[in-house]
Amino acid sequence: MGKPDADGPGLPDLPPEWGRVVVPDDASALATEAEQIRHELRRTPRRAVAARTPYALPLLVLIVAVLTTLAGLAAVTWPRTDRSTPQPTPAPHAPPAGLAGRPLPALDLVDAGQSPVPLRALVPAMIILVDGCPCPQEVATAAALAPAGVTVVTVADARPVRATPSAGATVRPLADPAGGLRAFLHLPARPGAATALLVDRSGVLVRVVPEIRSAEDYRADLTRLAA
């Protein structure tokens, strides 16, 4: 039926532990052995997968947890240049305590012709500092509310700013090039805001309004200046 391959001419030497190998003349004689080998080969991958399955899910969970942790750390530590810190809204300057009740300083301001004008000669008065803002609307409102005998004075920093008061009201425009009034108040000029001083007929400060926001900031005190 066959002959031993190990001793046949032209065949390579086979390991001696294989024993005697016989090659049949008819290959169909090996059909049973071939089917058994194919069956074993088909079962081997399934056994390997079954052996790995208990460890696959925990390993996947571990990988996901590590990646999530790394992503969180990167999000926290990554520099962000597009994040802008909101700027706080500036609060209005508060006048130094104790200004009310103090006498108005003896300052000489200048008019449009650069002639000196003693500030105390204009009391009782509402003095509006317009070096930060001409604020014509606020000036016109104050002039309209001022009772008879009360002077509304605007004070600019370099040249007097002329306002257009309502009918029957007058505004005295002056300038304070030396900045003496601001130095007395210790209140810096702020863009878009006007400061008001209310001075009675004896030359004493009744009220300081750091920033005029509405007529209600000074209405009651302005009315009492005429008393």
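Me: Which residue's side chain meets that of Glu211 in a salt bridge?

Reply: The N to O distance in the salt bridge of Glu211 is 3.3 Å, a salt bridge being a side-chain nitrogen of Lys or Arg within 4 Å of a carboxyl oxygen of Asp or Glu. This is a predicted model, in which local features need pLDDT of at least 70 and side-chain atom pairs count only at pLDDT 80 or more, while totals for chains, interfaces and linings use all residues. Residues are numbered from 1 along each chain as its sequence is written, and side-chain values use heavy atoms, with hydrogens and water left out. The residue that meets Glu211 is Arg213.

Me: Is Glu211 buried or exposed?

Reply: The classes rest on relative accessible area with a 1.4 Å probe and protein chains only: under 20% is buried, over 50% is exposed, and values in between are partly exposed. Arg213, at 59%, is exposed. Glu211 has a relative accessibility of 14% and therefore counts as buried.

Me: Why are Asp221 and Arg224 separated by about one helical turn?

Reply: These two residues form a salt bridge whose closest N and O atoms are 2.5 Å apart, with Asp221 buried at 12% relative accessibility and Arg224 exposed at 54%. Helices are DSSP runs of H or I with at least four residues, strands are runs of E with at least two, and both are numbered from the N terminus. The separation is about one helical turn because, within helix H4 (residues 219–224), Asp221 and Arg224 are apart by 3 residues.

Me: How far apart are the closest N and O atoms of Arg219 and Glu216?

Reply: Arg219 is partly exposed, with a relative accessible area of 34%, whereas Glu216 is exposed at 56%. The two form a salt bridge, and its closest N and O atoms are separated by 2.9 Å.

Me: How many strands does the protein chain have?

Reply: Read from the N terminus, the elements follow the order β-β-α-β-β-β-α-β-β-α-β-β-α. The helices number 4, and the count of strands is 9.

Me: In which sense do E8 and E9 pair?

Reply: Pairing requires that DSSP find at least two bridges between two strands, and E8 (residues 195–199) and E9 (residues 205–209) share 4 bridges. The strands form a hairpin with 5 residues between them, where Gly203 in the turn has a positive phi of about 85°. The sense of the pairing is antiparallel.

Me: Which residues of E8 point the other way from Thr195, Leu197 and Val199?

Reply: In a regular strand, side chains alternate between the two faces of the sheet. E8 is mostly covered, since 5 of its 5 residues are buried according to the accessibility classes. Pointing the other way from Thr195, Leu197 and Val199 are Ala196 and Leu198.

Me: Which residue is the bridge partner of Met126 in E8?

Reply: E5 and E8 pair in the antiparallel sense over 5 bridges. Beyond four places in sequence, Met126 touches residues including Ala142, Val153, Ile212 and Leu222, where contact means heavy atoms within 4.5 Å. The bridge partner of Met126 in E8 is Leu198.

Me: How far apart in space are Ala140 and Thr170?

Reply: Ala140 is found in helix H2 and, at 19% relative accessibility, counts as buried. In sequence, Ala140 and Thr170 are 30 residues apart. Their separation in space, C-alpha to C-alpha, is 9.2 Å.
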